[in-house]
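Keep the sequence at hand as you read.

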Amino acid sequence: MRRIGASVIERVTQACVCASMLLAPVAATQAATEEDPWEAVNRPIFRFNDTLDTYALKPLAKGYDAVTPQFLEDGIHNMFRNLGDVTNLANNVLQLKSHAAGVDTARLIVNTTFGVAGFFDVGTKMGLQRSDEDFGQTLGYWGVPSGPYVVIPLLGPSTVRDGVAKYPDTFTRPYRYVDHVPTRNSAFALDVVDTRASLLPAEKLIQGDKYIFIRNAYLQNREFKVRDGEVEDDF
């Protein structure tokens with residue numbers, strides 16, 4: 001059985017918690033529906049994304065997972081996570097989280113040098129735990145409401161706030177600064193396939209209406225992240 005990264009395990013664990021909504025009273029589903037007034041438009045986009053994933057991205061991810069040696073797959077995943085620490089650092093600074101920003105900085109230095117450009121996650125072994133921040137969380141931290149749930153073509157589940165926030169985050173990612181188009185596109189494609197492969201085990205958690213499951217999981221997971229785990233119990 002292939003081993004998945006710590007961030008993926010965290011996402012799967014959070015998805016398990018979020019999935020409990022499907023077993024909660026009907027009021028929970030109604031509450032989620034109130035956050036999804038555009039469901040009539042979201043569902044067709046969701047079906048488009050799901051079809052594209054089923055017949056294109058998922059087979060690529062499975063093939064990549066099958067032919068790539070585990071140590072190499074882990075190393076590639078670690079390298080992309082190392083690049084992602086730049087986004088974490090920027091958003092922790094914007095949220096005035098000095099300790100977390102310091103940890104992000106230490107992780108970047110340690111993993112980029114001793115970890116051979118991030119191939120080895122030395123930082124985590126040293127006790128430097130990775131953050132998971134983005135500009136959508138930063139806006140939420142400063143009180144910007146999430147707005148309605150929205151499914152974005154190709155990009156998947158989001159909210160109005162998080163969808164708008166995706167653009168500022170691109171300034172902290174390397175692809176914007178790579179002028180050589182074949183290199184940039186190849187790295188981006190590998191990143192997408194690697195991310196999809198790391199999420200293959202999470203599919204076993206999905207039950208019932210796939211659209212509702214993913215919507216509820218996404219909304220609760222985003223609330224969990226914006227509040228840094230301090231989510232109010234409404235039940």
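Where is the place of V160? V160 sits in helix α8, which covers residues 160-169. Bear in mind that this is a predicted model.

Is V160 buried or exposed, or does it fall in between? Its relative accessibility is 34%. Buried means under 20% and exposed means over 50%, so V160 counts as partly exposed. V160 also belongs to a nonpolar patch on the surface.

Now turn to the interior. In soluble globular proteins, nonpolar side chains tend to be buried together. Here the largest nonpolar core has eight residues. They are A61, Y64, I76, F80, Y175, V193, A197 and L200. Which elements give two or more residues to this core? They are α3 (39-67), α4 (70-94) and α9 (181-198).

Take V193 as a way into this core. Set aside its neighbours within four places in sequence. V193 is then in contact with L57, L60, A61 and Y64. Two of these names, A61 and Y64, are also on the list of core residues.

N216 is found in helix α10, residues 210-226. Is N216 buried or exposed? The relative accessibility of N216 is 1%. The cut-off for buried is under 20%, so N216 counts as buried. Its side chain is joined to that of R215 by a polar contact of 3.3 Å.

Finally, look at the backbone in two loops. Which loop holds L96? L96 lies in the loop between α4 and α5 (98-113). L96 is not a glycine, yet it has a positive phi of about 60 degrees. With 64% relative accessibility, L96 counts as exposed, because exposed means over 50%.

L154 has a positive phi of about 75 degrees, although it is not a glycine. At 62% relative accessibility, L154 counts as exposed.

Technical notes. Residues are numbered from 1 along each chain as its sequence is written. This is a predicted model: local features need pLDDT of at least 70, side-chain atom pairs count only at pLDDT 80 or more; totals for chains, interfaces and linings use all residues. Side-chain values use heavy atoms; hydrogens and water are left out. Patches are made of residues with over 30% relative accessible area and no salt bridge: like charges are joined within 9 Å, nonpolar side chains (Val, Leu, Ile, Met, Phe, Trp, Tyr) within 5 Å. Accessible areas come from the Shrake-Rupley method with a 1.4 Å probe; for residues, only the protein chains shown count as cover. A salt bridge is a side-chain nitrogen of Lys or Arg within 4 Å of a carboxyl oxygen of Asp or Glu. Helices (H or I, at least four residues) and strands (E, at least two) are DSSP runs, numbered from the N terminus. Buried means under 20% relative accessible area, exposed over 50%, partly exposed in between (1.4 Å probe, protein chains only). A nonpolar core is a set of buried Ala, Val, Leu, Ile, Met, Phe, Trp, Tyr and Cys residues joined through side-chain atoms within 4.5 Å. Contact means heavy atoms within 4.5 Å. A polar contact is a pair of N or O atoms within 3.5 Å; within protein, one must be able to donate a hydrogen and the other to accept it, and residues adjacent in sequence count only if both atoms are side-chain atoms.
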